[in-house]
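Try each task before reading its solution.

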Amino acid sequence: QVQLVESGGGLVQAGGSLRLSCAASVADFTSYNMAWHRQAPGKKRELVGSITSGGPPNYADSVKGRFTISRDNVKNTVYLQMNSLMPEDTAVYYCEADVIGIKGFQVYWGQGTQVTVSS
């Protein structure tokens with residue numbers, strides 16, 4: 001069973017920074033594509049960005065130039081560095097891991113961490 005545990009959320013003023021972490025309990029972390037999603041109140045969950053083990057990260061247009069995704073394949077952890085935060089970044093942020101294995105395409109989610117940006 002894959003477990004994803006996020007940390008690092010909190011309250012920050014506009015223009016500030018936060019770094020989210022997601023620790024994955026998996027046997028072969030490098031096989032997993034890792035992603036961050038977010039869901040604001042009353043809105044659908046949206047993809048913030050994703051990263052594989054071998055390629056550059058991808059980002060939603062709304063966060064390009066402000067957010068950076070990275071992963072540490074030794075610590076089985078993926079990070080989301082968020083700079084120049086804006087009130088519209090307020091949301092619950094979810095870590096997601098997906099892999100194509102013998103059971104097909106499998107997706108796992110963390111419990112989410114709240115990020116609140118005050119104006």
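**Exercise 1.** Find how many disulfides a search of the whole structure gives, counting a disulfide as a pair of cysteine sulfur atoms within 2.5 Å.

*Solution.* The search of the whole structure returns one disulfide. Its partners are Cys 22 and Cys 95, with sulfur atoms 2.1 Å apart. Strands here are DSSP runs (E, at least two residues), numbered from the N terminus. The angle about the S-S bond is -80°, a left-handed link.

Before going on, note that this is a predicted model, in which local features need pLDDT of at least 70 and side-chain atom pairs count only at pLDDT 80 or more, while totals for chains, interfaces and linings use all residues. Residues are numbered from 1 along each chain as its sequence is written, and side-chain values use heavy atoms, leaving out hydrogens and water.

**Exercise 2.** Decide whether Cys 22 is buried or exposed, where buried means under 20% relative accessible area and exposed over 50%, with partly exposed in between (1.4 Å probe, protein chains only).

*Solution.* Cys 22 counts as buried because its relative accessibility is 0%. Cys 95 is also buried, at 0%.

**Exercise 3.** Trace the order of the open sheet of four strands, where two strands pair if DSSP finds at least two bridges between them.

*Solution.* The order is S1-S3-S8-S7, with antiparallel pairing. S1 and strand S7 (67–72) are the edges, each with a single partner strand, so one side of each lacks a neighbour in the sheet. Five bridges join S1 to S3 (residues 18–25), with Val 5 partnered by Ala 23. Six bridges join S3 to strand S8 (residues 77–82), where Ser 21 stands opposite Tyr 79.
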